[in-house]
Amino acid sequence: MDTDFLDWALADFSGYVAADELYDGPFCILSAVDNRRYKRILYDVLDHDPDHDDIRTFLGRLKTALSARDLTLCGVTTDGSALYPLPLREVFGEVPHQICLFHIVAEVGKAVLGAVASARKGLAAQQPKLRRGRPSTPAAKQAARTKKRLETQRAALFSSRYLFVQRHLNKTERKALWRVSRGFPQLQALRAIMEQVYALFDRRCRTQTALDKLAKLQRHVQRFPALGDTLKKLFAPTLEKALTFLDDKLLPSTSNAVERGNRRYRKMQKQVYRVRTHVQISARLALDMWREAQAEGRQQTLTSLHHARAG
């Protein structure tokens, strides 16, 4: 990595880094980004899936770059991948490791939406089969009304499924949620549990307080065996690691800084899909980092030109 670029990227280093891996065909891109300044610090392009040795080597490069400038790493944020915990401890010791809460909440939300889909399938199985033609007997008319009611409820569950995982609900949305979940106490219980999950990540709490809340929530879930498989993510050790940021007000809770760079890379690849060799990917990342480094000066030039024309 060019020394001048590292000097620029680390000139106002915040002390917090987000690391992530991005898979592109047979290649894997490792990235480390300043999680508060949104500057990409390092990258590496591998022609294979990364293992602990690759992550250890990559983190070693980061440590070397920081040590050369007398900088201290205060915290690292990653996704829930098992690639990072062991190499992080080996390279940086007891540096706080935060698991991106967006990934954790997304997994729990996905499980809740899966339960809603299962309820919709259950309604479909309950629908009576009608004979062709207009119903004429009282029993046939009753079956037709039942089928219409179940179809309406299925459609309402589908169109309002986001209400089960939305973080904040207003009064109108709560009424709509109650209406579509009537007859499904397990879905109402899932919504209540989802609100407790969101409450775990309240910045006003400390990590130990949130862990106590989590233990209480886990005991509550265990009393409902039917919800055990749906909410097994609540018992994953990564959920506890997602609460680390509560003890450090400056530690970002998500890895959005590195994810933003990954999205920008995906967009570039979508425009020029043929860029799929190791050299081309490395060159593209280097160009993106160079443009990022020149952005401040470019903005100053544009501002000066704008004032000059206005004058």
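This is a predicted model: local features need pLDDT of at least 70, side-chain atom pairs count only at pLDDT 80 or more; totals for chains, interfaces and linings use all residues.
Residues are numbered from 1 along each chain as its sequence is written, and side-chain values use heavy atoms, with hydrogens and water left out.

**Overall form**

- The protein has 12 helices and 5 strands, where helices (H or I, at least four residues) and strands (E, at least two) are DSSP runs numbered from the N terminus.
- Its radius of gyration, taken over C-alpha atoms, is 26 Å, well over the 19 Å that the globule rule gives for 311 residues, so the protein is more spread out than a compact globule; the globule rule is 2.2 Å times the number of residues to the power 0.38.
- Taken along the principal axes, the box filled by the C-alpha atoms is roughly 85 × 50 × 50 Å.
- Of the 311 residues, 42% count as buried, with buried meaning under 20% relative accessible area, exposed over 50%, and partly exposed in between (1.4 Å probe, protein chains only).
- Among contacts with a separation of 6 or more, 64% come from residues 24 or more positions apart, a contact being heavy atoms within 4.5 Å.

**Nonpolar cores**

- The largest nonpolar core has 42 residues, and those with the most contacts inside it are Leu 157, Phe 164, Leu 187, Ile 193, Phe 201, Leu 231 and Leu 234; such a core is a set of buried Ala, Val, Leu, Ile, Met, Phe, Trp, Tyr and Cys residues joined through side-chain atoms within 4.5 Å.
- At least two residues of this core come from each of α4 (101-126), α5 (138-159), α6 (171-180), α7 (185-200) and α8 (207-222), and α4 gives the most, with 9 residues.
- Apart from this core lies another, of 25 residues, among them Leu 6, Leu 30, Leu 62 and Leu 73.
- Leaving aside residues up to four places away in sequence, Phe 201 touches Leu 101, Val 105, Arg 167, Leu 239, Ala 242, Leu 243, Phe 245 and Leu 246.

**Largest pocket**

- The largest pocket has a volume of about 200 Å³, a volume being the space filled by probe spheres set on grid points that are joined across faces, edges and corners.
- On a 1 Å grid over the protein atoms alone, with a 1.4 Å probe, a pocket is an open set of points with protein on both sides within 12 Å along at least five of seven lines, and lining residues have an atom within 4 Å of a point.
- Residues lining this pocket include Lys 129, Arg 131, Arg 132, Arg 134, Ser 136 and Ala 140.
- Ser 136 is placed in the loop between α4 and α5 and is exposed, with a relative accessible area of 60%; from C-alpha to C-alpha, Ser 136 and Leu 157 are 30 Å apart in space and 21 residues apart in sequence.

**Single residues**

- Tyr 38, in the loop between β2 (27-34) and β3 (40-46), has a positive phi of about 60° although it is not a glycine, and is partly exposed at a relative accessible area of 29%.
- Asp 70, in the loop between α2 (52-68) and β4 (75-78), has a positive phi near 55° and counts as exposed at 71% relative accessibility.
- His 220, in helix α8, counts as partly exposed at 25% relative accessibility.
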